[in-house]
Amino acid sequence: MLSEEEKREIMEECTRYEKKSAVCIEALRIVQRRHGWVSDDSIISIAQFLQMSPADVDGVATFYNLIFRMPVGKNVIFVCDSVSCWLLGCDQIKNYLRSTLGIEMGQTTPDGLFTALPIACLGHCESAPALWVNGDPILRTDETMMNDLIQKCREKAGGRLSA
Ligand code: FES
């Protein structure tokens with residue numbers, strides 16, 4: 001069920017378009033901002049609110065990489081695995097995540113701090129291997145950068161946690 005605040009925000013978006021369905025992606029973002037991901041129940045609520053079918057809302061949600069249909073960790077690490085990043089070491093990044101955090105692509109650490117997800121070209125091919133971490137690009141990534149990044153995320157979460 002959508003909260004009153006979510007409904008208000010979605011209605012505000014609706015004022016900019018002729019059709020309610022035009023704000024579907026914004027509605028998904030609004031819900032995700034509040035909950036961290038978009039559940040099946042939220043898909044149904046958004047569909048009812050926008051007078052769309054749940055299948056159509058789900059189609060939009062699953063099309064966009066940045067809408068999460070499952071719970072994710074506090075820090076989402078997108079690892080580009082398109083050709084430039086593949087040639088320049090995205091597999092080493094994946095190996096690092098596997099050995100340091102104990103997760104494969106698509107998994108979340110048990111402490112809920114990190115989720116690793118694959119993504120297609122981020123548009124930083126000249127600076128491969130490239131990542132996106134919480135919306136920020138991390139370029140020419142190496143192990144030292146990964147160590148710093150993981151450390152910063154842990155500190156931000158309130159202290160060093162065991163991996
Ligand atoms: S191939 Fe990775 S950013 Fe383009």
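The text goes from the whole chain to single contacts.

The model is predicted, so local features need pLDDT of at least 70 and side-chain atom pairs count only at pLDDT 80 or more, while totals for chains, interfaces and linings use all residues. Residues are numbered from 1 along each chain as its sequence is written, and side-chain values use heavy atoms, with hydrogens and water left out.

**Overall build**

The protein chain has seven helices and four strands; helices (H or I, at least four residues) and strands (E, at least two) are DSSP runs numbered from the N terminus. Their order along the sequence is α-α-α-α-β-α-α-β-β-β-α. The C-alpha trace spans about 50 × 35 × 25 Å along its principal axes. Of the 163 residues, 39% are buried (under 20% relative accessible area; exposed is over 50%, and partly exposed lies in between, with a 1.4 Å probe and protein chains only). Among contacts (heavy atoms within 4.5 Å) with a separation of 6 or more, 58% join residues 24 or more positions apart.

**Helices H3 and H4**

H3 (residues 40–50) packs on H4 (residues 54–63) at an angle of about 115°, with the axes 8 Å apart. Axes are lines fitted to C-alpha atoms, for helices over the stretch in contact, and angles run from 0 to 180 degrees between N-to-C directions. On the H3 side the contact is made by Ile43, Ile44, Ile46 and Ala47, and on the H4 side by Pro54, Val57, Asp58 and Ala61.

**Aromatic pairs**

The structure holds three aromatic pairs. Rings of Phe, Tyr and Trp (its six-membered ring) pair if their centres lie within 6.5 Å; planes under 30 degrees apart count as stacked, over 60 as edge-to-face and the rest as tilted. Two of the pairs are tabulated here.

| Pair | Type | Centre to centre | Between planes |
|---|---|---|---|
| Phe63 and Tyr64 | edge-to-face | 5.1 Å | 85° |
| Phe68 and Phe78 | stacked | 6.2 Å | 25° |

Phe68 lies in the loop between H4 and strand E1 (75–80) and Phe78 in E1, so their pair ties together parts that are 10 residues apart in sequence. Phe68 is buried, at 13% relative accessible area, and Phe78 is buried at 5%. Together with Trp132, Phe68 and Phe78 form one aromatic cluster. In the other tabulated pair, Phe63 is exposed at 63% and Tyr64 is partly exposed at 39%.
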